[in-house]
Amino acid sequence: MRSMLRKGPGRVAVFDRFLVRAVSRQPQGQHDDFFSALSAAATKGKLWFAIAGGFAALPGKPRRAALHGLLALGVASAATNLLFKTLLPRARPLPEHLPVFRFVHPQPTSSSLPSGHSASAAAFTLGAGMVSPALGAVLAPIAAGVAYSRVHTGAHWPSDVVFGCTIGAGAALLTRKWWPERQAAPPTGRTAAEAPALDDGEGLSIAVNALGGSYSPETVTLLREAFPKAHIHEISEGEDVAAQIQAAAARPGTKALGVWGGDGTVGTAAAAAVGQSLPLLVLPGGTLNHFARDAGVATVAEAAAAASTGTAVSSDLGHVSVGRGIEGADETLELTMLNTASFGVYPNLVRRRERLQPALGKPLAGLVAGLRTFAVASPTTLKIDGVRHKLWILYLGRGRYYPRDVAPLSRPVLDDGVLDIRMVTADEPFARLRLLWAVLTGTVAATKVTHLSEASRLSIEAIGKPLVLAVDGEPLPGVRTAEFTVQRGKLRVYGPRP
């Protein structure tokens, strides 16, 4: 074994010189200028920072790929320059090893082993490729060219380049463990449900919330054109929305309940439809229409097509039993949760993000909103299933949302029977700083202050002062306790089947 270790460096040196001689025998040409320029461009990571800047201008995967690539590059550069070049001193190739027109001037004075250019090239390319394989494939020839250029210009021995690439690959893998790849959303899956076909809306009773997000004077005209035989009732300002929806559901001859309004209004209608054993037709009348999109009816035309053919799917409902204490009086409320509920700073974060989104775009708006929110907010103390926590956010989704971080966007399956629980806690040391760093680097899903889990039941108890609970965007103050459960397949909703 010792003999093999003694012979190893000698054999590497022999092989290095063999490869360098092969490079030196190449005739002079334009490729010499190309590799010299490419090597110089990659010095101190300038090439990779420029590419990352271009990627960052594109939202979505390119931007995340740029950030992940730069993080991997930073780790590789630190390991190469601060650790390995100090521990493994090695002389660089001499001028006699290569033609003078090809030899780099001035030659670097640091240790030849390992190649920092190669480490950075491999780290950035693999780091970016872990987020976007297509971008990684585009970058791979550039990275290979940078690595080869260090041998072509006499800056490194071939083994330096191989070792540098190994360090870069290891750095990319390390950052992937720290910043795991986003779990891809599964294909949309919907369970068929029985519902009557509504020819021209016959047998359909529609409740229209005139205070809904996208209501306009033309709304009722639009609905009458789509459903000429339906009964349409506008709920005006000052009327009890829940009572009016219940009246629409109980109207004689009603075969299905329709609703136009935001997700809070749709949740109220869902409870009324279940109470009257009616299918629900959701008309996209809110600001964001989360449930309508998840049900596959993003437009009135899509809703009308599903209703006319009697195409419906099954959906779970969330049930929330709330104990409140306001001005010395206690009361219990039973609520329906169609989409989400939250405690803590999440509603403020969402409001800030939506306000900034038109000007900044969603990713950057989310980053700025997160930094502003967590910089000034205070954590909330409560018991979750009997365990005391200090937290910034408790987010509950009725159903499994994607992506699996603190910025959920879509829900491919409506009847999976789970509560999607996401907590950002303040229990850990330096929790605020760790959270701000995670928001800044886009690693919130991997930081130790973020906790993702699932359950079919969850209990909450306020510690100290009552809390504000937001259910489907509707704030409810004075909450002391809350019990969340999932009612499997309780709702039938018109919508296309995949």
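Trainee: Why are F15 and F18 separated by about one helical turn?
Mentor: They sit three residues apart in helix α1 (residues 2-24), so about one helical turn separates them. Helices here are DSSP runs of H or I with at least four residues, strands are E runs of at least two, and both are numbered from the N terminus. This is a predicted model, where local features need pLDDT of at least 70, side-chain atom pairs count only at pLDDT 80 or more, and totals for chains, interfaces and linings use all residues. Residues are numbered from 1 along each chain as its sequence is written, and side-chain values use heavy atoms, with hydrogens and water left out.

Trainee: How many aromatic pairs does the structure hold?
Mentor: Six. Rings of Phe, Tyr and Trp (its six-membered ring) pair if their centres lie within 6.5 Å; planes under 30 degrees apart are stacked, over 60 edge-to-face, and the rest tilted. One of the pairs is F15 with F18: the ring centres are 6.4 Å apart and the planes at 20°, so this pair is stacked.

Trainee: Switching to helices. At what angle do α9 and α10 cross?
Mentor: Roughly 40°, with the axes of α9 (residues 241-250) and α10 (residues 263-275) coming within 9 Å. That makes α9 oblique to α10. Axes are lines fitted to C-alpha atoms, for helices over the stretch in contact, with angles from 0 to 180 degrees between N-to-C directions. Under 35 degrees is roughly parallel, over 145 roughly antiparallel, 65 to 115 roughly perpendicular, and the rest oblique.

Trainee: Which residues make the contact?
Mentor: From α9, V241, A242, I245, Q246 and A249; from α10, T265, T268, A269 and A272. Contact means heavy atoms within 4.5 Å.

Trainee: New topic. Where are the cis peptide bonds?
Mentor: One runs from L113 to P114, with omega near -5°. P114 is in the loop between α4 (61-87) and α5 (116-131). Another joins Y402 and P403, where omega is about 0°. P403 lies in the loop between β10 (387-398) and β11 (419-425).

Trainee: Why flag those?
Mentor: Most peptide bonds are trans, and most residues other than glycine have a negative phi.

Trainee: So which residues have a positive phi without being glycine?
Mentor: K44 is one, with phi near 55°. K44 lies in the loop between α2 and α3 (46-56) and counts as exposed at 77% relative accessibility. D385 is another, with phi of about 50°. D385 is in the loop between β9 (380-384) and β10, and is partly exposed at 45% relative accessibility.

Methods
Buried < 20%, exposed > 50% of the residue type's maximum accessible area, 1.4 Å probe, protein only.
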